[in-house]
Amino acid sequence: MNTAHLRLREATGAAHARVDALFGRFDLSRRDDYAGLLAAHAEALIPVEALLDRDGAQAITEDWPQRRRAGVIQVDLDALGIDMPESGSEEDVASTAAMAGMLYVLEGSRLGGRFLARSIPETWPRAYLGSQQPPHMWRELLVKLDALLYEPDTLETAVTAANQTFGRFEAAGAKWLAKVV
Ligand code: HEM
């Protein structure tokens, strides 16, 4: 594990444990809970992806457009009849280091998603949880983040942004869980 990856993983471990426990409380044999989980992910993911588009995540990883999942999550939301309010645009311009932290969280969240995809009935829409990518894309991203975050200050900026991004998922998860239980 490279230095940046090690630090990001260690410094967001507690946040990951919280979102894991939180999203584990959605009962994925119930369609309403599944819809709630997707809505929560959409609420957190869509504005972060929009910010990454606007502030130039493609300069960090040129395949950023292929990594985006706002489109696939929208397919599932439409199929399940969930109307999400339009999310406002983010005010602050993100630094490259902050975007690196966001990318770490969004791309890492796919790793757990593939386990969740196995728990839902086969007939349900699963464009988002089922959107797999070859494992080399995760490894390549980690190499790029390491090359970028070689100074302690920039690494800590990325860590802060990563924890804030986890915070968005946690807040959205808690909100949507309260609606479905
Ligand atoms: C029920 C929900 C979740 C489960 C069961 C879960 C499970 C997992 C598992 C098993 C891995 C390791 C996969 C591997 O190494 O191949 C992983 C990694 C990761 N997950 Fe989750 N996850 C969940 C939710 C999330 C969410 C909501 C996020 C972010 C918003 C997230 C972010 C990450 C990140 C960043 C990693 C990479 C850790 C590393 O640096 O190796 N996870 N998750």
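Before I turn to single residues, let me say what I mean by a helix here, which is a DSSP run of H or I that is at least four residues long, with the numbering of helices starting from the N terminus. With that in mind, Ala44 lies in helix 3, and I will come back to that residue after a look at the whole chain, which, please remember, is a predicted model.

The protein chain holds eight helices and zero strands, so that, read from the N terminus on, the order of elements is α-α-α-α-α-α-α-α. The radius of gyration is 16 Å, close to the 16 Å that the globule rule gives for 181 residues, and therefore the protein chain is as compact as a globular protein of that length.

Let us move to the inside. Of the 181 residues in the protein chain, 46% count as buried, and the largest nonpolar core has 58 residues, with Leu52 and Leu149 having the most contacts inside it. At least two residues of this core come from each of helix 1, helix 2, helix 3, helix 5, helix 6, helix 7 and helix 8, and helix 3 gives the most, with twelve residues. As background, nonpolar side chains in soluble globular proteins tend to be buried together.

What is Leu149 in contact with, if we leave aside its neighbours within four places in sequence? The partners are Ala4, Leu8, Ala97, Ala100, Thr154, Leu155 and Ala158. For the chain in general, among contacts between residues at least 6 apart in sequence, 84% join residues at least 24 apart.

Now, as promised, Ala44. Is this residue buried or exposed? Because buried means under 20% relative accessible area, Ala44, at 1% relative accessibility, counts as buried. Not counting residues up to four places away in sequence, Ala44 touches Arg168, Phe169 and Ala172, while its C-alpha atom is separated by 11 Å from that of Met102, which is 58 residues away along the chain.

Ser119 and Gly88 are 31 residues apart along the chain, and their C-alpha atoms are separated by 32 Å.

Finally, the surface and the charges. The protein chain exposes about 9,100 Å², of which carbon and sulfur atoms supply 54%, and there are 19 positive and 26 negative side chains, with the centres of the two sets 6 Å apart.

Conventions:
Residues are numbered from 1 along each chain as its sequence is written. This is a predicted model: local features need pLDDT of at least 70, side-chain atom pairs count only at pLDDT 80 or more; totals for chains, interfaces and linings use all residues. Side-chain values use heavy atoms; hydrogens and water are left out. The radius of gyration is taken over C-alpha atoms; the globule rule is 2.2 Å times the number of residues to the power 0.38. Buried means under 20% relative accessible area, exposed over 50%, partly exposed in between (1.4 Å probe, protein chains only). Contact means heavy atoms within 4.5 Å. Accessible areas come from the Shrake-Rupley method with a 1.4 Å probe; for residues, only the protein chains shown count as cover. Lys and Arg count as positive and Asp and Glu as negative; His and the chain ends are not counted. The place of a charge is taken as NZ of Lys, CZ of Arg, CG of Asp or CD of Glu. A nonpolar core is a set of buried Ala, Val, Leu, Ile, Met, Phe, Trp, Tyr and Cys residues joined through side-chain atoms within 4.5 Å.
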